[in-house]
Amino acid sequence: MTRWFSRVRRGPLLAALGTVALLGLLTYGLLIKGNNKAIDNNLANGRATPAPGFDLPVLLPDQGHAAPGFALPRLSHGLAPHTLSRVLHAAFADSKLSIEELRGTPVVLNFWASWCAPCREEAPILERGWRRDASRGVLYLGLNIQDLTGDAQQFLKEFRISYPTIRDQGPDVARSYGATGIPETYFIDRRSRVVGHVVGVVTPQLLATGVRAARAGQVVGTEQGGARKSQR
């Protein structure tokens, strides 16, 4: 009787938890959205914007389950220019990465979360881009936001992500960039200026264009990527 009663009570409890989770998904978009349109406004007028600062912890795959070809070992063996290897070694030395440490390096900054379905669509695109562009001195950097650590780590392993990822438990950094959801990708040049922005899933073509802009320090503006159907 007690076991049956426990099962009966558990049903409504699970339903309630499901409702809470759904509300969390719906309100995330409201939490992340802000009125900071400085980056997109400047890009629309052909002007680059200093990349908003951050100083965030590096997210590593589970201990003992490192992703094959993870960024630091690969780069330390000469598969990328010395300057890029130095940036990553400095970051992993204190397990944190700041925008100041990236100055002098073109960066592809991608906002994502494990619960975001479109992020799963673009993950292989970003990984292929990283394997191509690391040898050109371009750093791909994932920025995981408002996610569970274990879920984010599982995402890295599932998609064999070998570029580094940092983690922000809240929406503050996303707001400072003017992001309205995920995924979103920002292209940052060697002078730590945002020169391009893709809203939604980044396509191989948009990725290549953004990387060229970051390397050259030329503004390419804001582009609409693939459909972004999942917002929290």
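Which side chain meets that of Arg-136 in a salt bridge? I looked this up before anything else. The side chain of Asp-133 does, with N to O at 3.1 Å. I took a salt bridge to be a side-chain nitrogen of Lys or Arg within 4 Å of a carboxyl oxygen of Asp or Glu.

**Entry 1: ground rules.** I am working with a predicted model, in which local features need pLDDT of at least 70 and side-chain atom pairs count only at pLDDT 80 or more, while totals for chains, interfaces and linings use all residues. Residues are numbered from 1 along each chain as its sequence is written, and side-chain values use heavy atoms, with hydrogens and water left out.

**Entry 2: the whole chain.** I found 8 helices and 9 strands in the protein chain. These are DSSP runs numbered from the N terminus, with helices (H or I) of at least four residues and strands (E) of at least two. The chain has 232 residues, and 49% of them count as buried. Buried means under 20% relative accessible area, exposed means over 50%, and partly exposed lies in between (1.4 Å probe, protein chains only). I also looked up contacts, meaning heavy atoms within 4.5 Å. Among contacts with a separation of 6 or more, 78% come from residues 24 or more positions apart.

I went back to the opening pair. Arg-136 is partly exposed at 40% relative accessibility, whereas Asp-133 is buried at 0%. Arg-132 joins Asp-133 and Arg-136 in a network of salt bridges.

Next I looked at Asp-55 and Lys-96, whose side chains form a salt bridge at 3.6 Å, N to O. This pair links distant parts of the chain: Asp-55 sits in strand 2 (residues 55-57) and Lys-96 in strand 3 (residues 96-98), 41 residues apart. Asp-55 is partly exposed, at 46% relative accessible area. Lys-96 also counts as partly exposed, at 32%.

Then I took Arg-120 and Glu-158, which meet in a salt bridge at 2.4 Å, N to O. Here Arg-120 of helix 5 is linked with Glu-158 of helix 6 (residues 149-158), 38 residues away. Arg-120 is partly exposed at 31%, and Glu-158 is partly exposed at 41%.

**Entry 3: the disulfide.** How many disulfides does a search of the whole structure find? I got 1, taking a disulfide as a pair of cysteine sulfur atoms within 2.5 Å. It joins Cys-116 to Cys-119, with S to S at 2.4 Å. The link of these cysteines is right-handed, with 85 degrees about the S-S bond. Cys-116 and Cys-119 are both buried.

**Entry 4: two helices.** I checked helix 5 (residues 117-133) against helix 8 (residues 204-216): their axes come within 10 Å and cross at roughly 35 degrees. Axes are lines fitted to C-alpha atoms, for helices over the stretch in contact, and angles run from 0 to 180 degrees between N-to-C directions. On the helix 5 side, the contact is made by Ile-125, Leu-126, Gly-129, Arg-132 and Asp-133. Helix 8 contributes Pro-204, Leu-207 and Val-211.
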